[in-house]
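The tour moves from one selection to the next.

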Amino acid sequence: PCYGSCWGIQMAAYAAGGEVAKNPRGREWSIARHIQRTDAGKEHPLLRGKPDVYDGFIMHLDEVVSLPPGATLLAVNEHTHVQALEVKHKNGTFWATQYHPEYNFCEMARLIQARAEPLKKEGFFATTDDVQAYAQDMFALAANPDDAQLRARFDVGSDIVDPHIRETELRNWIDYLVIPSRKS
C-alpha cells in the first residue's frame with residue numbers, strides 16, 4: 001500500500017499510465033476550495049468520514065489530466081479536476097490526494113513564505129511584505145484555531161482547522177489499507 005499527496009498523486013497516475021500536465025488555470029495555492037467527493041469517493045474508505053464538500057491545503061502547478069487504467073476518481077474541485085484517487089496497478093494500491101491532509105496552517109505558511117517570489121510573479125501578492133503578512137496570519141491561526149476573525153479572513157471551517165477532520169485520509173489509509181495488508 002502507498003499514499004501520496006501533491007506530486008504523489010501525479011507520480012502515481014503517471015507511473016500507472018495516466019497523464020500529467022501544467023494546469024491551464026495556473027497555480028492552486030494555500031487552500032483548495034470546495035473539494036467534492038465523487039459518487040465513488042462517497043463509498044471509498046480513503047474519504048470515509050470526510051464531509052461531501054471540504055477544503056484542503058494545497059500548492060501545485062501541474063495536475064493529472066488523464067487517469068490511468070485501474071484508477072478511481074474520488075474527489076474533484078473547479079480548479080483541479082483530480083483531487084483524490086485510487087490507483088491499482090500490478091500488485092500495488094496507491095491512494096493519493098492533490099491537496100495536503102498532512103499539512104496544517106504552520107506548514108502552509110512556511111511553504112507560502114518559501115514560494116514568495118513565484119506567488120508575487122504570478123500576481124497573488126503585490127509585495128514580499130504582503131506574503132509575510134499572509135503567512136503571519138496563518139501562523140496566528142495555527143496558534144489560536146478558534147480565532148473567529150482569522151477564520152473569517154481565510155474563510156475556513158472545521159474541515160481544515162480540526163486535525164481530526166483534516167487528517168482523515170491519513171488515518172483511513174493506515175486503518176483500511178496498511179494494517180490489513182500486514183495481516184495477510
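How are helix 3 and helix 5 oriented to each other, roughly parallel or roughly antiparallel? This is a predicted model. Select residues 105-114, which form helix 3, and residues 128-143, which form helix 5. Their axes come within 8 Å and cross at roughly 170°. Angles over 145 degrees count as roughly antiparallel, and helix 3 and helix 5 are therefore roughly antiparallel to each other.

Next, the salt bridges. Side chains of opposite charge can pair when their charged atoms come close.

Select glutamate 122 and arginine 27. Glutamate 122 is in the loop between helix 4 (116-121) and helix 5, and arginine 27 is in the loop between strand 2 (19-22) and strand 3 (28-37). The pair links distant parts of the chain, 95 residues apart. Colour the two by accessibility: glutamate 122 is partly exposed, with a relative accessible area of 35%, whereas arginine 27 counts as buried at 10%.

Now select arginine 33 and aspartate 55. The N to O distance in this salt bridge is 3.1 Å. Arginine 33 lies in strand 3 and aspartate 55 in strand 4 (residues 53-60), so the pair ties together parts that are 22 residues apart in sequence. Which of the two is buried and which is partly exposed? Arginine 33 counts as partly exposed at 28% relative accessibility, and aspartate 55 counts as buried at 10%.

For the last stop, select arginine 166 and glutamate 167. These two residues form a salt bridge in which the closest N and O atoms are 3.4 Å apart. Arginine 166 has a relative accessible area of 7% and is buried, while glutamate 167 is partly exposed at 26%.

Technical notes
Residues numbered from 1 in each chain as written. Predicted model: local features only at pLDDT ≥ 70, side-chain atom pairs only at ≥ 80, totals over all residues. Heavy atoms only, no water. Axes fitted to C-alpha atoms, helices over the stretch in contact; angles between N-to-C directions. Helix = DSSP H or I, 4+ residues; strand = E, 2+ residues; numbered from the N terminus. Parallel < 35°, antiparallel > 145°, perpendicular 65-115°, else oblique. Buried < 20%, exposed > 50% of the residue type's maximum accessible area, 1.4 Å probe, protein only. Salt bridge = Lys/Arg side-chain N within 4 Å of Asp/Glu carboxyl O.
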